[in-house]
Amino acid sequence: MVSRLEKLLPLLRELAAVDGKVESLADLANADGRSVFHLQRIFHSAVGESPLQYRRRVRLQRAAASLLVTDKSVLEVALDAGFASNEAFSRAFRSAFSLSPR
């Protein structure tokens with residue numbers, strides 16, 4: 001029997017992909033063949049957070065690791081992580097980790 005989490009593995013991979021092109025939850029639900037509401041419900045019950053929260057957390061964790069091990073500027077890391085601006089990245093980073101990305 002396949003668990004709920006195993007059924008969501010393709011979605012988890014898509015959300016965590018560095019070059020993932022998921023623009024919205026509706027796009028993700030359409031690609032998976034589910035309604036937005038159903039996708040949110042099953043994803044949250046299996047993973048413990050919404051698909052977009054999961055995507056943001058993974059992007060921020062990857063960005064934090066990049067800041068630690070590369071010489072890239074905060075702006076470069078922010079753009080690589082898919083954030084539109086340094087300010088948006090800094091706010092999200094501070095909210096997630098309780099410290100500045102610098």
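## Salt bridges

Lys72 is partly exposed, with a relative accessible area of 37%. The model described here is predicted. In this model, Lys72 forms a salt bridge with Asp80. The closest N and O atoms of Lys72 and Asp80 are 2.6 Å apart, and a salt bridge requires such a pair to lie within 4 Å. Asp80 has a relative accessibility of 46% and also counts as partly exposed.

The structure holds two salt bridges. Is Glu49 buried or exposed? Glu49 has a relative accessible area of 15%, and buried means under 20%, so Glu49 is buried.

## Aromatic pairs

Searching the whole structure gives four aromatic pairs. One of them is made by Phe43 and Tyr54, whose ring centres are 5.9 Å apart. The planes of these two rings stand at 65°. Planes over 60 degrees apart count as edge-to-face, so the pair of Phe43 and Tyr54 is edge-to-face. The two values are given together because a pair of aromatic rings is described by the distance of the centres and the angle of the planes.

Which helices does this pair link? Phe43 belongs to helix α3, residues 36-47, and Tyr54 to helix α4, residues 51-69. The two residues are eleven positions apart, and the pair links distant parts of the chain. Phe43 and Tyr54 are both buried.

## The phenylalanine cluster

One aromatic cluster is formed by Phe83, Phe89, Phe93 and Phe97. Phe83, a member of this cluster, also has a charged group over its ring. The group is the charged end of Arg59, which sits 4.3 Å from the centre of the Phe83 ring.

Note on methods: Residues numbered from 1 in each chain as written. Predicted model: local features only at pLDDT ≥ 70, side-chain atom pairs only at ≥ 80, totals over all residues. Heavy atoms only, no water. Salt bridge = Lys/Arg side-chain N within 4 Å of Asp/Glu carboxyl O. Buried < 20%, exposed > 50% of the residue type's maximum accessible area, 1.4 Å probe, protein only. Phe/Tyr/Trp six-rings, centres within 6.5 Å; stacked < 30°, edge-to-face > 60°. Helix = DSSP H or I, 4+ residues; strand = E, 2+ residues; numbered from the N terminus. Lys NZ or Arg CZ within 6 Å of the ring centre and 35° of its normal.
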